[in-house]
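I opened this notebook to keep a record of what I looked up in the structure. The entries follow the order of my searches.

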Amino acid sequence: MAWNLEGTLYENCSCTAICPCTWSNMSAPATNDFCNAALAFNIGSGEIDGTDVSGCSMVMMVDSPPLMSEGNWNVGLIIDSDASDAQAEALGSVMSGALGGPPAALGPLLGNFIGVERHPISITTDNGTHTVTVGDSVSYTGRPELNEAGEVVQLSGILAHPAGPILGLAPVESSTVSAMGIEFGGENLSGFSNPFSWAG
């Protein structure tokens with residue numbers, strides 16, 4: 001089964017600084033006693049075994065120990081309620097890792113798959129600031145960090161992240177997340193935003 005997805009990642013995690021799990025490739029612990037994250041994927045174009053999933057959005061919810069490399073993650077997937085049943089089934093197959101590609105690399109770290117839910121997802125940008133909302137349960141707003149030349153500040157060599165190896169810094173100004181049993185939030189939390197391109 002051939003598939004490809006291209007789009008933009010908008011991530012928020014519970015760390016109070018640039019997530020150490022990323023720059024250390026999961027060899028350093030989170031800044032809290034846990035690691036919770038919401039990874040929103042806005043798909044610009046994509047096809048999964050003949051099913052067009054362009055324009056779909058999904059959010060991967062993660063609850064893990066502070067040292068993510070220890071595994072035993074709780075992971076759930078929220079798919080936009082605007083997606084058709086066929087699109088949702090195709091996206092679920094990719095994100096489960098069953099079809100290979102970057103999501104499959106997370107398989108050994110997975111302890112418990114929480115399941116798949118369908119909720120309205122909105123991802124908007126306004127003057128560079130992005131806002132991700134999932135129904136009434138998730139809302140976070142971030143903005144890419146720019147240098148003096150107007151370029152996005154990036155981390156490179158990030159091999160342990162499904163949207164790596166380059167991640168654009170986009171600190172989250174405010175966040176309220178309560179979905180699939182995962183709750184976190186606050187101000188000035190870790191965040192990333194950058195294009196992703198997957199195939200399997």
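**Entry 1: helix H2**

Which residues of helix H2 (residues 85-95) are buried? I noted first that this is a predicted model, in which local features need pLDDT of at least 70 and side-chain atom pairs count only at pLDDT 80 or more, while totals for chains, interfaces and linings use all residues. Residues are numbered from 1 along each chain as its sequence is written, and side-chain values use heavy atoms, with hydrogens and water left out.

I took helices (H or I, at least four residues) and strands (E, at least two) as DSSP runs, numbered from the N terminus. For accessibility, buried means under 20% relative accessible area, exposed over 50%, and partly exposed in between, with a 1.4 Å probe and protein chains only.

The buried residues of H2 are Gln87, Ala88, Ala90, Leu91, Val94 and Met95. They cover an arc of only 165° around the axis, which puts them on the same side of H2; the arc is that of the directions from the helix axis to the C-beta atoms. I recalled that an α-helix has 3.6 residues a turn, so residues three or four places apart point the same way. Asp85 and Glu89 are exposed, on the face of H2 turned away from its buried side. After H2 comes Gly97, with a positive phi near 90°.

**Entry 2: aromatic pairs**

I then searched for rings of Phe, Tyr and Trp (its six-membered ring), which pair if their centres lie within 6.5 Å; planes under 30 degrees apart count as stacked, over 60 as edge-to-face and the rest as tilted. The structure holds three aromatic pairs. In one of them, Phe41 and Trp198 have ring centres 5.1 Å apart and planes at 55°, so the pair is tilted. Phe41 lies in strand E2 (residues 35-48) and Trp198 in strand E14 (residues 191-199), so this pair ties together parts that are 157 residues apart in sequence. Phe41 is buried at 0% relative accessibility, and Trp198 is buried at 3%.

Trp198 also forms a tilted pair with Phe196, at 5.0 Å centre to centre and 55° between the planes. Phe196 is buried, with a relative accessible area of 4%. I recorded Phe41, Phe196 and Trp198 as one aromatic cluster.

**Entry 3: cysteines**

How many disulfides does a search of the whole structure find? The search finds zero, with a disulfide taken as a pair of cysteine sulfur atoms within 2.5 Å. For Cys13, the nearest cysteine sulfur is that of Cys19, 3.9 Å away. Cys13 is buried, with a relative accessible area of 1%. The sulfur of Cys21 is 3.7 Å from its closest cysteine sulfur, in Cys19, too far for a bond. Cys21 is buried as well, at 3% relative accessibility.

**Entry 4: cavity and pocket**

Grid points are joined across faces, edges and corners, and a volume is the space filled by probe spheres set on the points.

The search finds one cavity of 30 Å³ or more. The largest cavity holds about 180 Å³ of space. It is lined by 18 residues, of which Glu11, Met68, Trp73, His161 and Pro162 are the closest to its centre. E2 gives the most to this lining, with three residues.

The largest pocket has a volume of about 230 Å³. Among its 13 lining residues, Val75, Met95, Ser96, Leu110 and Phe113 lie nearest its centre. Strand E5 (73-80), H2 and strand E6 (110-119) each give two or more residues to the lining, and E5 gives the most, with four.

**Entry 5: backbone**

Most residues other than glycine have a negative phi, and most peptide bonds are trans. I found a cis peptide bond from Gly164 to Pro165, with omega near 10°. Asp49 has a positive phi near 50° and is partly exposed, with a relative accessible area of 48%. Asn72 has a positive phi of about 60° and is exposed, at 57%.

Key. On a 1 Å grid over the protein atoms alone, a cavity is a set of points where a 1.4 Å probe fits but cannot get out, and a pocket is an open set with protein on both sides within 12 Å along at least five of seven lines; lining residues have an atom within 4 Å of a point.
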